[in-house]
Amino acid sequence: MDNQYNYYDQNNADYQYGGTQRNAGGNGKKPGKKMPKTLAVIGLALLFGVVSSVTFMTSNVIGSRILGLNDSSRSSSDGSRTVNSNSASLSQTSSVVTSDVSSVVEKVMPSIVSITNMSVEEVQNFFGGVSEQKSESAGTGIIISQSDTELLIVTNNHVIQGSDTLTVTFNDGTSLGANIKGSDSEYDVAVIAVPLDSISDETMNSISVATLGDSTTLKVGEPAIAIGNALGYGQSVTTGVISALNRSASETDGETGEATEDSDAKLIQTDAAINPGNSGGALVNANGEVIGINSSKLVGETVEGVGYAIPISDVSDLIQNLMNQETKTKVAENEQGVIGITGMSVPTEYSQQLNMPSGVYVSEVTSGGGADKAGMTRGCVITAINGTTVDGMDALQEQLQYYAAGDTVTLTVQIPQPDGEYEENTVDVTLTSRQ
C-alpha cells in the first residue's frame, strides 16, 4: 500500500502548485467620496443576490458535467437527482486501489496452495568424497481444474524442478503428496496433480478452482494483487498495479541490478511485491480473476518494485496440454532406461550465437542403442521428450527418471539441413537398460 499512498500524495502535490495569489491593495490611490449608508446596504444586497445566483447555477452545471448527470437521470416526480451506475464501479475500483482487498482475497485464497520441493543433491566434501544432501525449497500453486481422479495445480517449472518429493499444503492446512503431470522450461510452467482419493471431504469443501481472467485486456495502471507463499511462511498478500505489459524478464547482476541477459518471453510487470516463495502464485485483478502466474523479480541495489508474472492467456493452451499428459511417477534408479546417446547442453544464450536450437546436442549415438535403432544421427538436437521441453542435459535426465527400460518415448529432434537451418521431426525411441 505504500506505493499507492505515494501515488496519491504525488497527485496532491501537483494540485498544490496551481494558482498564484496577487495582492489587490489600493496603495497610492486617493479615497473616493463616501456613499450614503442606505444605498450601500441596498447595493451590497443586490450584489450578494446576483453572485449567489451565478454561483448556484455554475455549481449545478459543473456538477452535472463531472457526475455525468443529464435529463434522463433526473427524477420527474420529486425533483431529486440520482447518480448513474458509473459511480458504483468507480467507488468499487477506488476502494480496491486504496485499501481494502479483503473480499477479493477471500474469494481467491481457497484456490491457492503452498508447494514444498524436497530434493537430494550430491555434494563434494572437503576430502573429495561425494555425499547426498537434502534441500528444501518453497513455492506456490493455483488450483485450475479437477479430473475424475486428480486435482490439477499450475505452478512454475522452476518450483518443481529437480524434485525428489513434492508436498502441497491446502488452505485448511492439510498437506498431501503430489506428482508431476507435465512441465515446460521455456515458459517456466508446470502442472502437478494430487490424487482425489487422498483428499478428505473436509479439505475438498475448503478449497476451490480458480477463475481465470483474460490477460490480453489488461491496462497499465489497473490494480494487481499478488498472492503466494512468500519466504515459505504461508500465504500472504501484496498489492500494486500493472506497471507495464509485454516486458522481457532479465537476468541481472545482483549488485548493480543491470540486465545481463534477456528472455524472449513477454511478461506482465507489476510493483506488487513478489518475494522468494511467491513463484507459481496468482496475480489477480480487482474481480479476483487470475491474470498471471508470478514468476520472478528484478533484483539489485538500484532496483525496486519490479516483479514479473506470466500472462495467463499466453499459456492457457500450454497448460491444457500439460494437464492432458500422463501423470509421472519416478522409477527406481536401477530400473530407469536410457536413450543411448552422448550429448551436451545448448543453452538459450549459446543457441542464438551458434544459430542452433536450444536443447541437447547429440555428439555421439551409441551403437545398438535405442536412438541408433530409431535412426537418430550425430548432430541433431533433442528439444522435447513426450511433449515436455528440455533445454539441456539436466532437464533431459530429470525427465528420464520417470521411464523404465523397455518404455517407448517420443523425442522431438531438430535435424540440421544443408542450408544451415534445422528441420523438426519426432522419433519414437525404446529405452534400453543401463549398462
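Modeller: A residue counts as buried under 20% relative accessible area, as exposed over 50%, and as partly exposed in between (1.4 Å probe, protein chains only). By that rule, buried residues make up 38% of the 435 residues in this protein.

Colleague: What kind of model is this, and what are its limits?

Modeller: The model is predicted; local features need pLDDT of at least 70 and side-chain atom pairs count only at pLDDT 80 or more, while totals for chains, interfaces and linings use all residues. Residues are numbered from 1 along each chain as its sequence is written, and side-chain values use heavy atoms, leaving out hydrogens and water.

Colleague: Why is Thr 388 called buried?

Modeller: Thr 388 has a relative accessibility of 0%, and the limit is under 20%, so Thr 388 counts as buried. Thr 388 sits in strand β17. Apart from neighbours within four places in sequence, Thr 388 is in contact (heavy atoms within 4.5 Å) with Gly 182, Ser 183, Gln 325, Lys 328, Thr 383 and Gln 399.

Colleague: And why is Thr 329 called partly exposed?

Modeller: The relative accessible area of Thr 329 is 47%, which falls between the 20% and 50% limits, so Thr 329 is partly exposed. Thr 329 lies in the loop between α7 (316–323) and β13 (337–338). Not counting residues up to four places away in sequence, Thr 329 touches Asn 179 and Tyr 402. Thr 329 and Tyr 403 are 74 residues apart in sequence, yet their C-alpha atoms are 8.5 Å apart.

Colleague: What makes β18 and β19 a pair?

Modeller: Pairing requires at least two DSSP bridges between two strands. β18 (residues 408–416) and β19 (residues 422–430) share 9 bridges in the antiparallel sense, so they pass. One of the bridges joins Ile 415 to Glu 423 in β19. This hairpin has 5 residues between the strands, and Gly 420 takes a positive phi near 90° there. Strands are DSSP runs of E with at least two residues, helices are runs of H or I with at least four, and both are numbered from the N terminus. The protein has 10 helices and 20 strands.

Colleague: Why is α10 described as largely enclosed?

Modeller: 6 of the 8 residues of α10 are buried, so the rest of the structure largely encloses this helix. The buried residues are Met 393, Ala 395, Leu 396, Glu 398, Gln 399 and Leu 400.

Colleague: What makes a set of residues a nonpolar core?

Modeller: The members must be buried Ala, Val, Leu, Ile, Met, Phe, Trp, Tyr or Cys residues joined through side-chain atoms within 4.5 Å. The largest such core has 41 residues; among those touching the most other members are Val 168, Phe 170, Ile 339 and Leu 411. Helix α10 (residues 393–400) supplies the largest share of this core, 4 residues. A second, separate core of 32 residues includes Val 104 and Leu 298.

Colleague: How do you know that there is a cavity, and what lines the largest one?

Modeller: A cavity is a set of points on a 1 Å grid over the protein atoms alone where a 1.4 Å probe fits but cannot get out, and lining residues have an atom within 4 Å of a point. The search of the whole structure finds 1 cavity of 30 Å³ or more. The largest cavity holds about 80 Å³, a volume being the space filled by probe spheres set on points joined across faces, edges and corners. Its lining includes Asn 157, Ser 183, Thr 388 and Tyr 402. α10 gives the most to this lining, with 3 residues.

Note on methods. On a 1 Å grid over the protein atoms alone, a cavity is a set of points where a 1.4 Å probe fits but cannot get out, and a pocket is an open set with protein on both sides within 12 Å along at least five of seven lines; lining residues have an atom within 4 Å of a point.
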